[in-house]
Amino acid sequence: MNLAAATNENLAMISDVLIKSAMAVYTLAFFAHIAEWTFGSRSKVGRTAAALTSEGAAAAGAAAPAVRVKQSGGGTAVLERPQVVTRSAAGSRDVADGPGAHGGTEKGDLYGRIAVSLTALGFLVAASGVVTRALSVQRAPWGNMYEFSITFSTVAVGVYLALLLAKKNVRWMGLVLVTTVLLDLGIATTWLYTASDQLVPALDSYWLYIHVSTAIFCGAVFYMGAVGTLLYLFRDAYEAKLGRGGEPGAFARSVLSRLPSAATLDKFAYRVNAAVFPLWTFTIIAGAIWAGEAWGRYWNWDPKEVWSFVTWAVYACYLHARATAGWKGRKAAYLGLFAFVTWLWNYYGVNMVLSGLHSYA
Amino acid sequence: MSNTTADETGQTTDERELDAAGSQLSTTPREELPSLPNLPALGVVGWLRWTWRQLTSMRVALILLFLLSLAAIPGSLVPQNNVDEFKTQSFKDNNPGLSEIYEKFQLFDVYSSVWFSAIYILLFISLIGCIVPRSWQFVGQLRGRPPGAPKRLTWLPAYVTWRTDAEPEHVRETALAMLKQRRFRADPAGDAVAAEKGYLREAGNLIFHIALIVILVAFAVGSLFKSEGGKLIVEGDGFSNTIPLYDDFKPGTLFDAEDLEPFSFRLDRFNGTYERTGPQTGTPRTFEAHVTYSEGVDGPEKKKVIKVNKPLLVGGSKVYLIAHGYAPVVTVRDGDGKVVYDKVAVPLLPIDANVTSTGAIKVMDGYRDKNGKKDQLGFNAFFVPTFAGAGKGEMFSQFPAADFPVLALSAYHGSLGVDSGLPQNVYQLDTSKMKEFKDKDGELLKKRLLPGETLELPDGAGSITFEKELKEWASFQISQQPGEGLALFGAVAALVGLVGSLFIQRRRVWVRAVRGADGVTVVEMAGLGRSESTKLPEELAELAATLHEKAPTAPAEVSADPAEGAEK
Ligand code: HEM
């Protein structure tokens with residue numbers, strides 16, 4: 001018994017060290033990303049991207065569909081698949097995606113790759129930190145805000161890396177992601193730290209595992225959607241200015257021109273948000289079932305429930321706005337950002353400021 | 001894209017055609033921008049129709065939904081009657097001026113307030129007004145056929161073409177078979193094949209919105225027909241489910257006392273364990289109420305352990321474990337030495353996490369003082385399960401388990417005021433009509449008792465003994481929520497519908513095969529989805545590849561622009 005307790009304390013200590021080490025690795029990743037952006041800004045591509053994109057727009061508009069049938073030498077024709085030509089819907093801008101943070105420079109790209117590798121390493125270390133924490137308390141590591149925070153950022157980085165592995169275009173997010181992950185872990189280790197221990201009886205239910213794990217996952221994905229939405233707003237303003245023939249400022253020319261196009265960012269944000277919205281719905285249902293078992297009322301409007309509902313309703317507004325003429329685009333984006341703010345508030349604000357049955361911080 | 005108005009430019013025909021191709025790809029209502037009605041021309045009916053159309057438009061639905069989310073917020077900032085009555089009352093006591101304003105706006109009852117109700121009722125009227133026509137439209141679409149191919153397939157978001165030696169009829173037949181095999185609804189349409197897939201998206205969307213109404217109905221049923229009550233039970237005592245036996249009882253508006261499930265249970269034992277070491281010493285680990293219950297009026301007895309997350313289920317009722325505390329057992333003797341209170345357990349209310357508890361012991365009947373005169377006794381009781389030791393600061397409990405229990409009493413006699421007809425708090429002593437018992441120094445008589453010890457009242461007025469046996473109590477919430485199953489059904493249906501609505505793409509594919517000017521067949525394929533998805537071009541490419549195998553590219557000497565040939 002005592003021996004077991006000692007091992008557990010050792011594990012908890014190892015977990016703390018792992019989380020701090022992960023922060024160190026993420027910090028290195030942060031600097032590598034900074035280097036990527038710096039080298040990228042020196043590239044010609046970066047500076048001329050504006051011109052390129054407007055040319056690209058003109059070209060795409062006029063492009064006539066064509067079949068490309070390649071013939072290899074030697075008489076017999078090797079027929080390739082006919083190529084699909086895509087065009088944007090009428091009314092939307094045809095702007096090519098920017099080249100990415102590295103701006104097409106080899107050095108920038110190298111630093112970018114280093115940054116991604118370091119992020120992956122940081123993820124592995126942080127994930128081991130979360131796992132050892134779980135082992136030390138012999139339950140899922142979601143009993144208090146410290147554990148919630150370390151799991152949250154680890155899942156966010158995990159989703160990002162998974163998207164990269166799936167060859168999705170998300171590398172533009174790297175710097176922002178690593179920065180916020182550092183912030184999250186910093187807050188977790190300094191203000192939210194709670195020594196490892198078991199759960200109070202009200203939190204000890206398998207619905208907790210379901211409810212909290214999906215809540216964390218949803219938060220991580222909503223976060224990516226919010227980053228996409230925010231960058232969309234900047235990039236959209238930049239493109240609109242270009243479209244009006246305006247001269248974007250130095251920041252826009254250097255940074256925004258390297259981002260994906262507004263349409264791409266907007267689509268990314270929508271996909272991400274729409275994809276987890278059902279899971280968020282499920283999270284709330286699971287929470288209601290848990291509340292029903294623990295407190296006898298499945299819905300009691302306690303602050304956590306109120307804010308989960310608000311978050312859900314605002315995300316539903318966002319999805320509606322995307323399907324409503326006059327609300328697509330920027331207005332929908334503002335709703336999407338507001339929705340994420342309500343999620344954040346539900347996580348930090350409600351736990352720390354408003355107290356309800358849920359407060360376990 | 002169904003909103004492109006085609007009037008002036010040279011692209012008109014194309015765009016109008018595109019519009020037709022995309023028509024009814026969903027049942028989303030078309031947005032009419034808010035053209036204010038021509039005031040004088042509109043009669044009452046016209047106004048009503050205009051209002052209805054506005055109310056059921058996507059824009060107004062969006063605004064109402066947003067308003068609803070904003071309206072829910074105050075309920076998390078201001079204490080709510082339905083969540084915590086006690087907290088609400090103390091807020092009102094502390095902020096009398098502000099509370100009056102809050103009361104006016106029903107801010108203590110946000111979720112049953114007029115304004116909150118108005119928003120959700122309007123939203124749900126809007127929802128019904130939206131769903132009914134969309135459902136009809138959807139049924140119509142299921143019966144109908146996908147629209148024919150637009151003349152210029154090149155205008156569609158994804159497009160592919162090639163020339164082949166195969167006959168146009170053969171290509172069309174092959175395409176039809178291929179599309180049908182992939183579960184498209186496909187039909188020949190002139191020189192082309194028109195196909196559509198993903199109707200489940202629309203079905204999912206309708207199911208989702210209907211399920212929202214089901215959930216609302218379940219909420220309404222729940223709050224109208226529910227019953228909910230609390231009962232505190234000391235170890236060894238029992239309860240049977242009738243209204244008079246509840247400590248407090250909150251029925252829904254339409255609840256009928258007949259609907260109470262007949263059952264009874266007894267609390268045999270309460271078991272609480274707490275963390276003994278580490279930084280979180282004292283945190284509860286397990287709470288278990290061991291009960292014996294019987295269903296019906298006198299069913300067979302069964303045993304069960306109720307835990308915080310594991311209520312006892314009897315028919316449609318659930319018994320939840322809500323709180324626990326200590327009930328010291330006392331024996332009171334009167335002036336003659338006669339026992340008037342024989343080992344009575346007195347439940348005390350915890351005031352902190354270590355279960356420091358307070359309460360009152362009231363001896364109402366049977367007590368006579370040393371002269372044989374009728375009187376009543378009252379004791380203020382203060383109890384700690386784990387005492388720090390004499391002289392160690394204030395008397396607060398150090399640990400929630402009963403490691404070193406001490407009961408402190410102060411004694412009064414006189415009228416307890418229980419006959420005044422006013423409701424009385426059983427945990428508080430009203431000393432306004434009582435006299436203090438005095439100790440030797442003329443101070444209020446007080447004593448800390450260890451188990452087994454006795455406080456002698458002065459001048460032979462009797463005594464009170466803190467018995468060695470210490471009981472615990474548990475409080476239970478007993479509730480019946482009739483809408484629960486329906487709400488769960490609605491929630492699951494909403495989830496399933498939502499997944500269908502968000503993950504299924506509804507899209508159309510057209511394949512046209514015609515003989516070009518030079519006698520070679522020109523195949524054109526194009527796809528159109530509701531949203532521009534990367535999947536659509538991928539799917540089209542795959543379809544094209546499959547068809548291409550059956551109708552391979554004709555070896556061309558000169559690479560002419562085949563798209564031109566296809567135009568007629
Ligand atoms: C109770 C409030 C409502 C909620 C929570 C809600 C939620 C949603 C959600 C989450 C979607 C999925 C979004 C998507 O498919 O992209 C959706 C779609 C839709 N909703 Fe609602 N809705 C509500 C009320 C209404 C009302 C009143 C209307 C009628 C005006 C309406 C019409 C639609 C339509 C037409 C779609 C399909 C949009 C599309 O296909 O993209 N909804 N709704």
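**Notebook: strand 16 of chain B and the iron site**

I started with B:Phe383, whose bridge partner in strand 16 of chain B is B:Leu407. This is a predicted model, where local features need pLDDT of at least 70, side-chain atom pairs count only at pLDDT 80 or more, and totals for chains, interfaces and linings use all residues. Residues are numbered from 1 along each chain as its sequence is written, chains are lettered from A and ligands numbered from 1 in the order written, and side-chain values use heavy atoms, with hydrogens and water left out.

Next I looked up the pairing (DSSP finds at least two bridges between two strands; strands are DSSP runs of E, at least two residues, and helices runs of H or I, at least four, numbered from the N terminus). Strand 15 (residues 376–384) of chain B pairs antiparallel with strand 16 over nine bridges.

Then I checked burial (buried is under 20% relative accessible area, exposed over 50%, partly exposed in between; 1.4 Å probe, protein chains only). Nine of the nine residues of strand 16 (residues 406–414) of chain B are buried, so the strand is largely enclosed by the rest of the structure. Both its faces are covered, with B:Tyr412 among the buried residues on one side and B:His413 on the other.

Last, the iron atom of the ligand: which protein donors does it have? I found A:His320 (NE2) and B:His209 (NE2), 1.9 to 2.0 Å away (donors are N, O and S atoms within 2.8 Å of the metal, 3.2 Å for Na, K and Ca; water is not among the atoms, so sites may look incomplete). The pair crosses between chains, from helix 9 (residues 303–322) of chain A to helix 9 (residues 200–225) of chain B. B:His209 counts as buried at 9% relative accessibility.
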